[in-house]
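Here are my notes on this one, in the order I'd go through them on screen. Have the structure open while you read.

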Amino acid sequence: MGRWLVALAASFLPISLAADRSPAPAMPLREFFLPAFGEDGMRAWDASGSGAEVERGAGHLTISDLRVRLFDPQDGTTVQLILESPRAEFFRDGNQACGENFIHLVGNLFTVIGGRWTFFGADPSVILERDVQVFFETNLARALASGEEGGFTVIGADSLQVIRSADGFSLEFLQNVVTQSDELLLTCDRMVVETVWERPLAILEEKSTGEAIRRIHAQGHVHFEEARRHMEADGAELFPREGLAVLSGRVCVTDGERVVRGRHIVLRRDALHVLTDGDGVVHRDISLDVR
């Protein structure tokens, strides 16, 4: 994965001088551009910058105003994700970039900000290890309650890994995960948000790519609060489009003065279904009037 631009690759070659073996000074570049292609010849991603300093023989360069574009592997032209950072170190081996400062990721459905990051060109994927905040253009509370998706949801965590999957992105949040939208608060130890692409549609000769949240998987000390409910569980799976939440493990749902416990509880729109409780008794269609 990834072929270096010929002119840039040449600048990485070590120089051997018989008369002077002192380290060569860094070579400044006024502009920087690097395309990377897959084995099928499709453009996988490209990187650009307003300037760069190349240290000959060092195998890396420092880029100012880094901008990386990740392309749809099916056509090599549709941009699926853009990465921006004011300063980064780019390494030839492994096609990696990293930085200690601010990073900004923009996709069709989500925007990511954070710090102390690494971009892996071979996967491709991005890891953020500080001050993670992700803004989704979906109101999770509305989606679960009524199927309406307009609005925003914010997820914060100690770290985040963004990986491109076969048909979308997978965002894995770790430690101190907090999810917030209107009248909804969800906290847990680990959360994976899976998105799915709706392939480009030609509208008035313009291509438009849609994206939606397909599934959210929360694990470890799951606390889920809505306007009139409080839920605790070992794990939870949320399917926003279906308005479905599946709670598992030690589950406790509190709605006003009513408390329901079980090992597997399913909530769909305005109804709650307890599949099995601690005694193995099956309950069905327990209305909690959550509309």
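1. Start with the hairpin: E7 and E8 are joined through two residues. Strands here (E, at least two residues), like helices (H or I, at least four), are DSSP runs numbered from the N terminus. Before going further, note that this is a predicted model, where local features need pLDDT of at least 70 and side-chain atom pairs count only at pLDDT 80 or more, while totals for chains, interfaces and linings use all residues. Residues are numbered from 1 along each chain as its sequence is written, and side-chain values use heavy atoms, with hydrogens and water left out.

2. Strand E7 (residues 96-107) runs antiparallel to strand E8 (residues 110-120), with nine bridges between them. Two strands count as paired if DSSP finds at least two bridges between them. Ile103 has Gly114 as its bridge partner in E8. Strand E6 (residues 79-91) is also antiparallel to E7, through seven bridges, and Leu81 has Gly107 as its bridge partner in E7.

3. On to charges. The model holds 13 salt bridges (a side-chain nitrogen of Lys or Arg within 4 Å of a carboxyl oxygen of Asp or Glu). Glu100 and Arg116 form one of them, with the closest N and O atoms 3.4 Å apart; Glu100 sits in strand E7 and Arg116 in strand E8, 16 residues apart. Glu100 is exposed at 52% relative accessibility, whereas Arg116 is partly exposed at 35%. The cut-offs are under 20% relative accessible area for buried, over 50% for exposed and partly exposed in between (1.4 Å probe, protein chains only).

4. Another pair to click on is Glu172 with Arg190, at 2.9 Å from N to O. Glu172 belongs to strand E12 and Arg190 to strand E13, 18 residues apart. Both are partly exposed: Glu172 has a relative accessible area of 22% and Arg190 one of 26%. Salt bridges that share partners also tie Glu100, Arg116, Arg130 and Asp131 into one network.

5. Which residues have the most contacts inside the largest nonpolar core? They are Trp45, Phe136, Leu171, Phe173 and Met191, in a core of 63 residues. Strand E13 (residues 184-203) gives the most to this core, with six residues. By definition, a nonpolar core is a set of buried Ala, Val, Leu, Ile, Met, Phe, Trp, Tyr and Cys residues joined through side-chain atoms within 4.5 Å.

6. Last, the cysteines. The disulfide count is zero, the rule being a pair of cysteine sulfur atoms within 2.5 Å. Cys98 is partly exposed at 26%, whereas Cys188 is buried at 4%.
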